[in-house]
Amino acid sequence: MGRRAPFGVFAISAFILKRLALSLVTLVLLSAIVFGVGQVLPGSVGRLLLGPFADQRAVDALNTSLGLDRPLLVQYGDWIWGFVQGDMGRSYMYEAPVRPFVVEALGNSLKLAAVAFVIVVPAAIAGGVIAALNYNRPIDRIISIGGLTMTVLPEFVTGIILILIFGVWLKWLPISAAWPDGAGAFTQIYYLILPSMPLILVLFGYIARMARSGMIEALDSDWTRTAVLKGLPWRLVIWRHVLRNALLPTITVIATQTGYLIGGLVVVETLFRYQGIGLLVFTAAKGKDIPMLLAGILVIGIVYTFTTLIADLLYAVFNPRIRLGALS
Amino acid sequence: MTMATAKATVDRPAATPRRDRSRMILRKLFRSGVFLTGFGIVLFWVFCAIFGIYLVPYDPLSSDILNALQPPSAVHWFGTDQLGRDVFSRVIVGSREILVVAPAATLLATVVGSALGLCTGYFRGVLDDVVSRIMEAVMAIPGVLLALLAIVSIGTSKVAVIVVIGLSFAPNIARTVRSAVMQERELDYVAAAHLRRENAAYVMFVEILPNVIPPILVEATVRLGYAIFAVATLSFIGFGIQPPSPDWGLSISTNYGMINGGFWWTVLFDALAIASVVIGVNLVADGVQGAFSER
């Protein structure tokens, strides 16, 4: 395939550099796309803010004070430069800097995502491993088909059904994620269980499928056969040889799903009225609060780019074979 | 019997008459339980979308405030919503718009994505690098957010939803087509076309395109599932299909606020309808994938 790399360390650092550069390019393009789409808004922002009956001079003055009469490229450069320095612009809706809103919302979303991940990652890996160990038996079928079915359903559909079952009929869990002020960590987690369920259901299928196929491949491999033939107990073969190799691709899937997860948050947070980054973006979109919207989406894009970057790097560190041309 | 044909196809892809191959694939499809189940579900909803409006007991849009929020009964099978509209009629007719918008978006994504994939896979080089980077950046934004951003800019309409979902899915199809094209262009028949001095457009669209139809079809059916997912989600958050349509996602978003009052029938049936369509389309996609996997 590719050229043979000289030494592992060198190859890996070259890989890391190349991967970093790629992420940077993606980020720049991403910001340009986000900024560009944000410009297509019909009508001027000044008119939008002041309403249809405002004096044209007032509208022009507001546009000038917001810096909207400058060339697009200058505005873009300004926006990006501000962003790099931590200034995300001013919200039209709240007439205040965007950053505190975005930071707080991101923190809330991370809490929700953390609850979802802490539950789904072990559950899905266990599910995938159990399915693989019972390859083609009923348990495997149930886990695989059930997982895939849940994966394809929109979050608000599973969310509604879960709210009906656990919130309305059984009354086990609160149906809103708004916990009382000053609630402790455990109360917060209690309030986040139901909102995290739709995310968990979507992620379970993806992660379990990767874990399952990784396991099946590893179980089928020569080194597993060798390990069995040299007389190692089955349990030890699984733990020491199979699992380690099988779960490598799963790491990547888990990390790429973080990006999806944050997208899914828009829906889940709207459904459960949870003040996260998804609801922030949604509210900003409804209110045409462009600076807030752009900042929210760019932050999400950054988080996604970073998680995929980390996933790729982890994968490279764990799996030296990556240097043999798997990059492109 | 299929062994011999299959082997011949693998050795010389262009040699087997195309009609035989598609007949074989069709036969395989209609023997697969997964495909048939999904196909049945989809067919049911397509039927509802086309003829439902003539068959339902009530006008899905006419309200009857005196009978608002009635639980399911013999008169109103699925109960009535807050305006007294018959939920059963609304669920049946609610299939209409999503089953037009989602396939249209998928079609747009397939056409644009295939063209991009053909060009990048065929020409490679700088064009490929530039287009691929841009597509990666687009794919780095979760689809719903991209749609949200774009729809805020160009306004909410059915066409906007189709364009936005179509364009945001195009990179996924382009990626699949690109890798298929990169394999095809190394084959002899492409070299032969080059020797005949055919121009690039001819080689791409007349020579290569027919041979990459299977991956395009598989990817398109998979994308259709995602498109339904996306349209339903956009309607739910208020950026998709607009009132007074009885669309499922829209109905859920207008009714779920009262869920705590125990009015489960105003949302449950719509949720189940979305679930059944999405599962149906995914079963079809699975079946198609299976039928194409070993030629």
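Predicted model: local features only at pLDDT ≥ 70, side-chain atom pairs only at ≥ 80, totals over all residues.
**View 1. Helix H5 of chain B packs across helix H11 of chain B.** The axes of H5(B), residues 95-123, and H11(B), residues 213-236, come within 8 Å of each other and cross at roughly 135°. Since angles over 145 degrees would count as roughly antiparallel and those from 65 to 115 as roughly perpendicular, the two helices are therefore oblique to each other. The crossing in which H5(B) passes H11(B) is right-handed. On the H5(B) side the residues that meet H11(B) include B:Ile98, B:Val101, B:Ala105 and B:Ser114, while among their counterparts in H11(B) are B:Ile216, B:Arg223, B:Leu224 and B:Val231. The residues of this contact comprise 13 nonpolar, three polar and one charged.

**View 2. The largest nonpolar core, with 164 residues.** The residues with the most contacts inside this core are A:Leu203, A:Ile207 and A:Val281 of chain A, together with B:Ile228 and B:Val231 of chain B. Helix H8 of chain A, residues 185-219, gives the core its largest share, 17 residues. Apart from neighbours within four places in sequence, A:Leu203 is in contact with A:Ala116, A:Val120, A:Ala124, A:Gln257 and A:Leu261.

**View 3. The side of chain A that touches chain B.** The contact between the chains takes 40 residues from chain A and 38 residues from chain B. Several helices of chain A each supply at least two residues of this side, including H6 (138-152), H7 (155-169) and H13 (290-318), and the largest share, eight residues, comes from H1(A). By residue type, the side of chain A that touches chain B divides into 31 nonpolar, eight polar and one charged.

How values were computed. Residues numbered from 1 in each chain as written. Chains lettered and ligands numbered in written order. Axes fitted to C-alpha atoms, helices over the stretch in contact; angles between N-to-C directions. Helix = DSSP H or I, 4+ residues; strand = E, 2+ residues; numbered from the N terminus. Parallel < 35°, antiparallel > 145°, perpendicular 65-115°, else oblique. Left-handed = near helix turned anticlockwise from the far one by under 90°. Contact = placed C-beta atoms within 7 Å. Nonpolar A, V, L, I, M, F, W, Y, C, P; charged D, E, K, R; others polar. Core = buried A, V, L, I, M, F, W, Y, C linked by C-beta atoms within 7 Å. Buried ≥ 20, exposed ≤ 12 C-beta atoms within 10 Å, placed from the backbone.
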